[in-house]
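Here is a short briefing to read alongside the sequence and the 3D view.

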Number of protein chains: 2
Amino acid sequence: MPRCRRGRPPWWEPRFQEAGFRLTMPRQAILEVLSNTEEHLSAEEIYLAVHKIYPNVGLTTVYRTLELLVNMGLVFKFDFGDKRARYELSQGPTSKKHHHHLVCINCGRIIDYTDFIDEEKELLRRTEAGLSEKYNFKITHHLIQFYGLCEECQG
Amino acid sequence: MPRCRRGRPPWWEPRFQEAGFRLTMPRQAILEVLSNTEEHLSAEEIYLAVHKIYPNVGLTTVYRTLELLVNMGLVFKFDFGDKRARYELSQGPTSKKHHHHLVCINCGRIIDYTDFIDEEKELLRRTEAGLSEKYNFKITHHLIQFYGLCEECQG
DNA sequence: AATGTTAATGAAAACCATTTTCAATAAGGA
DNA sequence: TCCTTATTGAAAATGGTTTTCATTAACATT
Ligand SMILES: [Mn+2]
Ligand SMILES: [Mn+2]
Ligand SMILES: [Zn+2]
Ligand SMILES: [Zn+2]
């Protein structure tokens with residue numbers, strides 16, 4: 001199993017360095033897969049993608065790596081209601097910023113949206129401030145999803 | 001197993017009537033349990049509560065009934081990240097209205113909040129309207145949860 | 001109140017995404 | 001290159017939820 005050293009060092013390398021985790025080939029492969037997709041992949045989907053290039057990487061490692069990446073804050077883990085966790089790179093140089101999701105309850109399609117987030121941001125800021133004070137609750141993050149029917153699933 | 005007929009007919013009776021579902025004892029017992037709690041119970045917790053009064057009601061029936069109630073819109077199903085679904089009566093004469101949740105990532109405590117929902121409502125309305133138009137997405141419902149540390153889990 | 005139809009039920013087994021176990025491997029420092 | 005030990009893969013276990021299927025009971029009809 002050859003070491004993964006194609007091109008320039010990826011942006012996540014220093015994150016592993018400073019955290020003291022080993023930057024192994026399976027971990028790099030998983031991060032590459034997540035970097036090169038627009039979708040919200042499940043663990044098994046990531047496993048299959050990695051498996052094409054490195055057939056000896058196991059599903060267990062995919063689960064373990066994803067847990068690590070979530071703990072490191074490099075990856076977000078979502079539940080869109082289809083009985084399996086789905087993962088998304090939390091950020092990155094090329095990637096989009098923080099966003100919320102539209103979830104089609106018919107076909108399962110996920111739409112990222114950032115459009116109305118400016119109005120939302122202000123509300124969120126106020127709401128979080130109010131809640132923090134009222135309940136003395138230290139908010140760290142939030143989950144906002146809208147469910148409904150996508151364009152193709154209406155009519 | 002005696003029929004459940006204590007006191008005045010509960011508010012959900014007509015909902016079963018018109019939907020053509022049979023109002024059985026296990027179903028009534030489960031609705032009673034959900035009516036008499038402030039918590040967000042799991043299927044097993046509901047099962048245990050029902051089991052105290054009707055030991056012959058099975059866990060399977062609890063799951064099936066909850067699925068039915070969710071489909072009927074009488075109950076909401078939530079994922080608060082503790083590996084099991086949690087359920088809450090969606091409304092009712094005495095119950096509180098639509099609300100969102102604060103989830104403590106340390107102790108798992110769930111706080112219902114309705115306080116800042118008036119400001120939120122307006123934002124939600126605008127956001128949903130904008131999203132609907134932009135993506136031609138017909139929004140039916142939403143999920144909003146704030147995660148963080150509750151009063152007792154800080155400092 | 002008795003009957004018939006069939007939705008609803010309970011116990012056990014199956015399901016399946018995820019986690020754990022454990023011996024083998026390899027990343028990175030010395 | 002050698003050592004330490006974090007990391008890995010295969011297989012087994014886990015655990016919440018669902019399915020199966022024979023039995024029961026809700027309730028519309030007598
Ligand atoms: Mn996304
Ligand atoms: Mn609630
Ligand atoms: Zn759709
Ligand atoms: Zn707490």
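**Overview**

Over all chains, a search of the whole structure turns up 10 salt bridges, a salt bridge being a side-chain nitrogen of Lys or Arg within 4 Å of a carboxyl oxygen of Asp or Glu. This is a predicted model, where local features need pLDDT of at least 70, side-chain atom pairs count only at pLDDT 80 or more, and totals for chains, interfaces and linings use all residues. Residues are numbered from 1 along each chain as its sequence is written, chains are lettered from A and ligands numbered from 1 in the order in which they are written, and side-chain values use heavy atoms, with hydrogens and water left out.

**Chain A at a glance**

- Chain A has 5 helices and 6 strands; these are DSSP runs numbered from the N terminus, with helices (H or I) of at least four residues and strands (E) of at least two.
- Read from the N terminus, the order of elements in chain A is α-α-β-α-α-β-β-β-β-α-β.
- The C-alpha trace of chain A spans about 50 × 45 × 25 Å along its principal axes.
- In helix H5 of chain A, A:Glu122 and A:Arg125 lie 3 residues apart, about one turn of the helix.
- A:Glu122 and A:Arg125 form a salt bridge, with their closest N and O atoms 3.3 Å apart.

**Helix H2 against helix H4**

- In chain A, the axes of H2 (residues 25-35) and H4 (residues 59-72) come within 10 Å and cross at roughly 70 degrees; axes are lines fitted to C-alpha atoms, for helices over the stretch in contact, and angles run from 0 to 180 degrees between N-to-C directions.
- On the H2(A) side, A:Pro26, A:Arg27, A:Ile30, A:Leu31 and A:Leu34 meet residues of H4(A) including A:Thr61, A:Val62 and A:Leu69, where contact means heavy atoms within 4.5 Å.
- The contact of H2(A) with H4(A) has 8 nonpolar, 2 polar and 1 charged residues; Ala, Val, Leu, Ile, Met, Phe, Trp, Tyr, Cys and Pro count as nonpolar, Asp, Glu, Lys and Arg as charged, and the others, Gly among them, as polar.
- In chain B, the axes of H2 (residues 25-35) and H4 (residues 59-72) come within 10 Å and cross at roughly 70 degrees.
- The contact of H2(B) with H4(B) divides into 8 nonpolar, 2 polar and 1 charged residues.

**Where chain A meets chain B**

- In this interface, 40 residues of chain A are in contact with 40 residues of chain B.
- About 3,600 Å² is buried between chain A and chain B, and carbon and sulfur atoms give 65% of that area; buried area is the accessible area (1.4 Å probe) that two parts lose on being put together, summed over both.
- Between chain A and chain B there are 0 salt bridges.
- S6(A) gives the most to the side of chain A that touches chain B, with 12 residues.
- That side of chain A divides into 19 nonpolar, 9 polar and 12 charged residues.
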